[in-house]
Structures are given as structure tokens and as C-alpha cells.
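Welcome! Take a moment to look over the sequence and the model, and then we can go through some questions together.

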Amino acid sequence: AAAGAGRYREAAALLFLWVLRSLDERGRVAYDPARTPGEYRRLVRDPRFDALTGDAVVAVFAPAEPSAELFERLSGECERFLEAGVL
């Protein structure tokens, strides 16, 4: 809904949170809201997750509102991560 309304920063944050919670639910990495994206990258150790995390950081923390293209790329990276059976 957030992406559909053009709120790509919010949508990206929710998408990344969903991936982190999925990792936790499957016993891969315990979710801890105090962890940084870099800490999660070191724990997961997967190039697909690295790409996903890099785009999530830009989308959520960059000063400018992220573009639809960045959100779509992040969404695709999440799908590839899921399809790889990582979660």
C-alpha cells in the first residue's frame, strides 16, 4: 500500500523489516531491532542479502525520497533472495 501511494521510503523499510523477521522466524538470524544493517550482513553472509541490504540502506536513510526504480529493484532483490531458498 505504501509503495502504491508513492511512499517508497516507508515501503522499503517495511520490506527490509519483513526480510529480517523472516530470517528470524526460520531460525537463521535472531531479529534484534538494535542491530545495524551491516551487522545483519555479517551474520547472514550472502551476496544476495548484501545487495538487498545496500539498496535498503539507500532507500531508508538517504536524504532524498527513494525513486520507484530503487524500490522496484529492492523488491526484486527480496524475491531473488526468497527464491534462492535462503529464507
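**Helices and their neighbours**

Q: In which hand does α1 pass α3, left-handed or right-handed?
A: This is a predicted model, in which local features need pLDDT of at least 70 and side-chain atom pairs count only at pLDDT 80 or more, while totals for chains, interfaces and linings use all residues. Residues are numbered from 1 along each chain as its sequence is written, and side-chain values use heavy atoms, leaving out hydrogens and water. A crossing is left-handed if the near helix is turned anticlockwise from the far one by less than a right angle, and right-handed if clockwise. For α1 passing α3, the crossing is left-handed.

Q: At roughly what angle do the axes of helix α1 and helix α3 cross?
A: Helices here are DSSP runs (H or I, at least four residues), numbered from the N terminus; α1 covers residues 8-25 and α3 residues 47-61. Axes are lines fitted to C-alpha atoms over the stretch in contact, with angles from 0 to 180 degrees between N-to-C directions. The two axes come within 8 Å and cross at roughly 145°.

Q: How many residues of the contact of α1 with α3 are nonpolar?
A: Contact means heavy atoms within 4.5 Å. In α1, residues including F16, V19 and L20 meet residues of α3, among them L52, T53 and A56. Ala, Val, Leu, Ile, Met, Phe, Trp, Tyr, Cys and Pro count as nonpolar, Asp, Glu, Lys and Arg as charged, and the others, Gly among them, as polar. Besides one polar and one charged residue, the contact has a nonpolar count of twelve.

Q: Why are the buried residues of α2 said to be on the same side?
A: In helix α2 (residues 37-44), P37, Y40 and V44 are buried (under 20% relative accessible area, against over 50% for exposed and in between for partly exposed; 1.4 Å probe, protein chains only). They lie on the same side of α2 because the directions from the helix axis to their C-beta atoms cover an arc of only 60°.

Q: Which residues is T53 in contact with, leaving aside its neighbours within four places in sequence?
A: T53 has its place in helix α3. With a relative accessible area of 2%, T53 is buried. Its contacts beyond those neighbours are F16, P37 and R41.

Q: With which residue's side chain does the side chain of R73 make a polar contact?
A: R73 lies in helix α4 and is partly exposed, at 43% relative accessibility. A polar contact is a pair of N or O atoms within 3.5 Å; within protein, one must be able to donate a hydrogen and the other to accept it, and residues adjacent in sequence count only if both atoms are side-chain atoms. At 2.7 Å, the partner of R73 is D55.

How values were computed. Helices (H or I, at least four residues) and strands (E, at least two) are DSSP runs, numbered from the N terminus.
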